[in-house]
4 protein chains.
Amino acid sequence: MKPTRKIKMGMVGGSTDAFIGGVHRMAANLDGQIELVCGSFSSNPEKTKQTAESLFLNPNRAYSTFQEMILAESKMSKEERMEVVSIVTPNHLHFEPAKMALEHGFHVICDKPVTFNLHEAIELEKIITKTGLVFALTHTYTGYPMIKEARHIIQSGKLGKVRKVVVEYPQGWLSTPLEFSGQKQADWRTDPKRSGISCCMGDIGTHAENLAEYVSGLNITEVCADLSTFVSGRLLDDDGNVLLRFENGAKGLLHASQISTGEENDINIRVWGDKGGLEWHQKDCNSLIIKWLDKPAEILRTGGNGLSGIASATNTRVPAGHPEGYLEAFANIYRNFAFAVRAHQNNIKHDSISYDFPSINEGVRGMLFVEKVVESSKEGAIWKKM
Amino acid sequence: MKPTRKIKMGMVGGSTDAFIGGVHRMAANLDGQIELVCGSFSSNPEKTKQTAESLFLNPNRAYSTFQEMILAESKMSKEERMEVVSIVTPNHLHFEPAKMALEHGFHVICDKPVTFNLHEAIELEKIITKTGLVFALTHTYTGYPMIKEARHIIQSGKLGKVRKVVVEYPQGWLSTPLEFSGQKQADWRTDPKRSGISCCMGDIGTHAENLAEYVSGLNITEVCADLSTFVSGRLLDDDGNVLLRFENGAKGLLHASQISTGEENDINIRVWGDKGGLEWHQKDCNSLIIKWLDKPAEILRTGGNGLSGIASATNTRVPAGHPEGYLEAFANIYRNFAFAVRAHQNNIKHDSISYDFPSINEGVRGMLFVEKVVESSKEGAIWKKM
Amino acid sequence: MKPTRKIKMGMVGGSTDAFIGGVHRMAANLDGQIELVCGSFSSNPEKTKQTAESLFLNPNRAYSTFQEMILAESKMSKEERMEVVSIVTPNHLHFEPAKMALEHGFHVICDKPVTFNLHEAIELEKIITKTGLVFALTHTYTGYPMIKEARHIIQSGKLGKVRKVVVEYPQGWLSTPLEFSGQKQADWRTDPKRSGISCCMGDIGTHAENLAEYVSGLNITEVCADLSTFVSGRLLDDDGNVLLRFENGAKGLLHASQISTGEENDINIRVWGDKGGLEWHQKDCNSLIIKWLDKPAEILRTGGNGLSGIASATNTRVPAGHPEGYLEAFANIYRNFAFAVRAHQNNIKHDSISYDFPSINEGVRGMLFVEKVVESSKEGAIWKKM
Amino acid sequence: MKPTRKIKMGMVGGSTDAFIGGVHRMAANLDGQIELVCGSFSSNPEKTKQTAESLFLNPNRAYSTFQEMILAESKMSKEERMEVVSIVTPNHLHFEPAKMALEHGFHVICDKPVTFNLHEAIELEKIITKTGLVFALTHTYTGYPMIKEARHIIQSGKLGKVRKVVVEYPQGWLSTPLEFSGQKQADWRTDPKRSGISCCMGDIGTHAENLAEYVSGLNITEVCADLSTFVSGRLLDDDGNVLLRFENGAKGLLHASQISTGEENDINIRVWGDKGGLEWHQKDCNSLIIKWLDKPAEILRTGGNGLSGIASATNTRVPAGHPEGYLEAFANIYRNFAFAVRAHQNNIKHDSISYDFPSINEGVRGMLFVEKVVESSKEGAIWKKM
């Protein structure tokens, strides 16, 4: 059954003075499959009102709280009411709205890390399983076409058995005590009450962990971590180095940092198997370098020659050489989420390719990772199973 | 006066089996400022209908012809009717819909090159002047933040007097006689009846010309061109090399090619003044290299440190390191067009920054360029003034 | 017959305060095949003496003039005397020592451009033919392994018929009137009495021309040039843009500049055939990018996987990843020259691979190129056959 | 006192079928300061003889054993005899010739790692201290001009307090069981009797460790290592991941691998301080990227603008843009060793800049590193002080 209208979305968090809300909205807009119809954008009702206005929403659908939104929208006609909820609040405010939305029959797309702690993540997993609704987690980097191609190449066995994975996420934005200047992003991310037990590992370490598992197709089974807080007065980690072991015997390294002065958001990954290796950097996100035992290295390109995976093709919008970027990767998650929601609505079993986005399993893995690296580091960098 | 709703847009061309229509729609969607409400997407009414359906449009607003659309929408209430028309047809079908739309009071955003020939471009310029409406031309590459920064740096005098400009647009997609395989894009672009007097120079040479003039802030005053048709049976040029002279005495080179086998869409530009130089490649569109007489080269980055122009900042959506790409550059044109339309609607004189997109002047320059390089080449590569 | 000792070399020019003499000596030293035994390093006998001392030469073999050197060495025993002469003087001082050396039975290796003008180059060619001695011209860039591989790939037909060649040599060192500051290199290169009819085209345009013909395996048959002098008071060109036509119908562009502010010595070349393309930049001299019609691009690397030419292998010294550079490229010319000299001494017909270095033919082509681009430009950029 | 002749060198190891001997000879040749006069190139006297012949040495100075060489040369006149010994044998054959050479008054330049084990390294240190002779260790990568600049920049405090160091040396050449094919380099490096307790960590881990300490100016104080042997049947490690702690509280990561399939020799380093960061890759050895807290990143280039250290200038031979590579870096060690030897011979106290090469201290650090990472890994990746 062909869809006849856009999917209606409500948003929790993301007032105009936040950062990630706008990114979610652009990602949701891009492909014209989703329409924002309501929101509870801020704990401050005035801000919510202003945000709704700036987004041309019906003022009656600017809600003071997520509870109010979910209850009010639930009562609307099927034609009119929101169908999915996008949650873009800080970590400590993910679980409650996600739970309530799911329990009221709304599909959910949620910013990462999935929850405040592992316990909540496991609870949420149960609710998702029980409700059978669609849940997407915006680990954006797996939305890049070349990352999907990388995963496909490894799955296909072309690189042989994976032996080593190096994944990095260096940032420099917390090199100074930015949180004490009142900068909003720094403020909550370094606050244990809102961020959880980790700043760097929770915020970007989980991205790196997710990327490593997604691309390699392997679970990390053990971590040995050395986390640090370099900026004086900071309450959580701002840097971490982690030795990794994978389920198939592969070894690896993960490092993430918010004090790598001068770095932007250069998440990158390298994987080596016994027949070849691959390398990808967000900075050059449309290239994937494949290195061979006995042939010249190849440069695979978004939309370019010789791509083997249909996942990369279906997640590409423009011809090779016209760079696609972060918002397109983000939009791939929203679009694939929309496809899965439509499939659910039509009671169609969606295939694995259109259901190609991170979900609660990735969320639980992320929270487990955070818990284990914090434990490992506290005990002096000893191996912890995960 | 704050806007209270999205700008309503109609589209001419761009059925689901075309290429550039979808790109325009994504670009228009991204920032949530524009809403597609109607269209005449194809000369085939069935295709128009299907396209409208897939875009969730009101079937009554899927029009068989652009004439029908303009007339019907003109009669609707101000609240309901389209306010702007997006034209995404092949070159020979730009002028008529643009003229009619403008004459019925609709602002226009149009794909490039602006018209089929120079004569039409000049006519269109008169109509735009007369109507006073907003006209945008989607020379996308000037939408990149780092291109805006490049222009700003040169305008600021930091690089001194411009001496040399090298601009290139190598593509490889027409290395084989693709038009004889029925490929739709190749078919019309190599057809003099639909494309005009040039294929390569019209399609991508104008992009290079526009980029050179935009970044340098200088008009090209003379060209000496050697155009070629390398693929046997092809009716128009598929490659061209052009010597350039600029108004201030600077010299330059432009080359564009559709037979540069293996190239994607690597438009790039280098400019050298007497104090410094700059370099930008679409492939790495978020970097702008600045080279100095006596200091180390600097890497400016979208959203990064040390940008001097507000144009680059206002045309950036995400933090440094999260790549923005072609669709964002395209969306910058749509968004700035939307701002200009709103200013016009509110009778506000828009400033030069929000009115930062190519318009009819750039369109006329482009058609003049095409006419002159074709003349120059036909006469054996002699200098032609433009 | 195996060699039992190093080849003995004398040098004309290259006192310790010159630039290129030291480069020649390092290149000659690298492989331990050549031994500097004497020299006439400067017109100033005191400088010659000091240079000889600093090079640990026998003071009796530090000669006041090249004539003296050639005559004195000619009288020594075959065991003791120099066997080859290296000429590293400015352009106007190439012909006379080369002629005299050859006429006294010494092989010659000479800096480029080969002579002061075309007439001298043709004269020199006759002398070389007549004497049958070995003559090498240090167009260094053809000494790079990846350039040899590029030539081989095109010769092998893998890229199909060559259609387009773009070759560039941007430098920035003459962006200011350096010659008026007394800088020695700038002084003679901008002086028509020592440099010839061109500065930029003679000094680096010939490198670009040589690289284009070497890599493509095609002669340039026509040029259309626009040369400029941007720096006020300068007597010769400091920039030039040239349209090229090749013997097989291929087209191309050459630009060379000494006023590309902030550029180092970024000579680079791109060639496109109907099956593929290639790209090489001196800045990344150990990589050669091969681009295909329908396969991913490949990165060939000095000493790496998948090289097809034995020329690249025999001109490589260290394993892949350990960069080789300019001095190694230069040394390849000296080493191959040494091999050719030994072959001559042993009356062995050397094969084309060991005789792989530029010689008088390349020198004549270079001088012809300079003459024709200067003519073309003077006449307003019209086509000149060469 | 000005030198009047080249320094005379003997070599231990390095027959024509070895790899590193030829590299040492080219490095020693480049600058014309050193002359190879004798050698004991192989345990096979026939090979020694052939090698001597191919190097045009006096056959009487081709010695069967290093003992013979040292004794015979000791008896020659001061004018004639070798002055320095270059040792290029496998690891287990470094200590004995070095010891004997030093005890007979010869300066020594030795391949790395310095000895077979830590005990020997400490013994050697005592001998060097006692004899007061010059000892150089060819950790080549610290010979690169941009590495010297990097060290200088950090020493100058421009990057602030160092917080994090990431150093990597991925290679792929041992991805397969190459040692069982008879390949000579693989054979001895994987053999505990010749290589020592480690293959990967000893051969290239020490390079990474040396680079990290040289550039940062900080000693590693603790390591936590996870070493692996991925290739079945191999007797030593072929991969290792190491967490690092530095004396000033900085943290870091080192990984080295011989099974990173498809990698060449991409040693690289990144350092972040609280004011800025730097990045260097051997693959692009002439560039050093400096990243700032609040300014655009800068690209420093060998021989280019804005270099602050005299060490980088004095270790550069050609103008910017003409790449210098591995052999030049290697030659810098030989040349600086030669300067130090001359200073010693003339009883002049050499300054730190001309004495800028790795010596026994770096050798001892390297052996300590190997011992500690092997211990740490054996005990399950626990912290070991070093």
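Chain A contains twelve helices and 14 strands, helices (H or I, at least four residues) and strands (E, at least two) being DSSP runs numbered from the N terminus. The radius of gyration of chain A, 21 Å, is close to the 21 Å that the globule rule gives for 386 residues, so chain A is as compact as a globular protein of that length; the radius is taken over C-alpha atoms, and the rule is 2.2 Å times the number of residues to the power 0.38. Along the principal axes, the C-alpha atoms of chain A fill a box of roughly 65 × 55 × 40 Å. The model is predicted: local features need pLDDT of at least 70, side-chain atom pairs count only at pLDDT 80 or more, and totals for chains, interfaces and linings use all residues. Residues are numbered from 1 along each chain as its sequence is written, while chains are lettered from A and ligands numbered from 1 in the order in which they are written.

Chain A is divided into domain 1 (7–141 + 333–359) and domain 2 (146–319 + 365–385), with bounds that come from an automatic or database domain assignment. The C-alpha centres of domain 1 and domain 2 of chain A lie 26 Å apart. Between them, 17 residues of domain 1 of chain A are in contact with 22 residues of domain 2 of chain A, contact requiring that the C-beta atoms of two residues, placed from the backbone, lie within 7 Å. The side of domain 1 of chain A that touches domain 2 of chain A comprises ten nonpolar, five polar and two charged residues. In this classification Ala, Val, Leu, Ile, Met, Phe, Trp, Tyr, Cys and Pro count as nonpolar, Asp, Glu, Lys and Arg as charged, and the others, Gly among them, as polar.

In chain B, an open sheet of five strands has the order 2-1-3-4-5, with parallel pairing; two strands pair if DSSP finds at least two bridges between them. Strand 2 (34–40) and strand 5 (135–137) of chain B are the edge strands, each pairing on one side only. Neighbouring strands of this sheet are turned by 20° against each other on average, direction ignored. Strand 1 (residues 7–12) of chain B pairs with strand 2 of chain B in the parallel sense over six bridges, and B:Ile7 stands opposite B:Ile34 in strand 2 of chain B.

Chain C likewise holds an open sheet of five strands in the order 2-1-3-4-5, with parallel pairing, and its edge strands are strand 2 (34–40) and strand 5 (135–137) of chain C. Within this sheet, strand 3 (residues 84–87) and strand 4 (residues 107–110) of chain C pair in the parallel sense over four bridges. The bridge partner of C:Ile87 in strand 4 of chain C is C:Cys110. Helix 1 (residues 20–30) of chain C lies across strand 1 (7–12), strand 2 and strand 3 of chain C and runs at about 155° to strand 2 of chain C. Axes are lines fitted to C-alpha atoms, for helices over the stretch in contact, and angles run from 0 to 180 degrees between N-to-C directions. Helix 11 (residues 326–345) of chain C packs on the sheet, touching strand 1, strand 2, strand 3, strand 4 and strand 5 of chain C, and its direction makes about 170° with that of strand 4 of chain C.

Chain B can be laid on chain A with an RMSD of 0.0 Å by a turn of 180° and a shift of 0.0 Å along the axis. The two copies are thus related as by a two-fold rotation axis; superposition is by least squares on the C-alpha atoms of residues with pLDDT of at least 70 in both. The contact takes 32 residues from chain B and 32 residues from chain A. On the side of chain B that touches chain A, helix 1 (20–30) and helix 11 (326–345) of chain B are the elements that give two or more residues, and helix 1 of chain B provides the largest share, five residues. This side has twelve nonpolar, nine polar and eleven charged residues. Of the interface residues of chain B, 100% are also interface residues in chain A, so the copies meet through the same surface.

For chain D, superposition on chain A also gives an RMSD of 0.0 Å, by a turn of 180° and a shift of 0.0 Å along the axis. The C-alpha of D:Ile382, 3.5 Å from the axis, is the nearest to it in chain D. Here 33 residues of chain D are in contact with 33 residues of chain A. The largest share of the side of chain D that touches chain A, four residues, comes from strand 9 of chain D. By class, this side has twelve nonpolar, twelve polar and nine charged residues.
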